[in-house]
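Please read them alongside the sequence and the coordinates.

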Amino acid sequence: MRESGHLHRPRGLFCNIGNCSSCLMVVNGEPNVRVCVERLAEGMVVETRRGRVNSSDTY
Ligand code: FES
């Protein structure tokens, strides 16, 4: 789902209730979306978040 910021190790679901940051991905160009609690929509573009991404970054 995403890579860790420092060592770029793969990360997946951990809490699955929106309380951690393990599932952060880029959704429709918006970085740092917790996809475990994000409602799916047709045409949604979901991408792997690589490394550290600030919310002010354009992706
Ligand atoms: S898995 Fe913890 S917030 Fe999504």
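**Notes on the predicted model**

1. Leu-7 lies in the loop that links β1 (2–3) to β2 (10–11), and this placement, like everything below, refers to a predicted model. Leu-7 counts as exposed because 7 other C-beta atoms lie within 10 Å, and the cut-off for exposed is 12 or fewer. Although 44 residues separate Leu-7 from Gly-51 in sequence, their C-alpha atoms are 8.2 Å apart in space.

2. His-8 also belongs to the loop between β1 and β2, and its phi is near 60°, a positive value in a residue other than glycine. Because it has 11 C-beta neighbours inside 10 Å, His-8 is classed as exposed.

3. With 13 C-beta neighbours inside 10 Å, Asn-16 is partly exposed. As background to both angles, most residues other than glycine have a negative phi.

4. For the protein chain as a whole, the assignment gives five strands and zero helices, so that the order of elements from the N terminus reads β-β-β-β-β. Of its 59 residues, 8% count as buried.

5. How much of the contact set with a separation of 6 or more comes from residues 24 or more positions apart? In the protein chain, such pairs account for 26% of those contacts.

Conventions
Residues are numbered from 1 along each chain as its sequence is written. This is a predicted model: local features need pLDDT of at least 70, side-chain atom pairs count only at pLDDT 80 or more; totals for chains, interfaces and linings use all residues. Helices (H or I, at least four residues) and strands (E, at least two) are DSSP runs, numbered from the N terminus. A residue is buried if 20 or more other C-beta atoms lie within 10 Å of its own, exposed if 12 or fewer, and partly exposed in between; C-beta atoms are placed from the backbone. Two residues are in contact if their C-beta atoms, placed from the backbone, lie within 7 Å.
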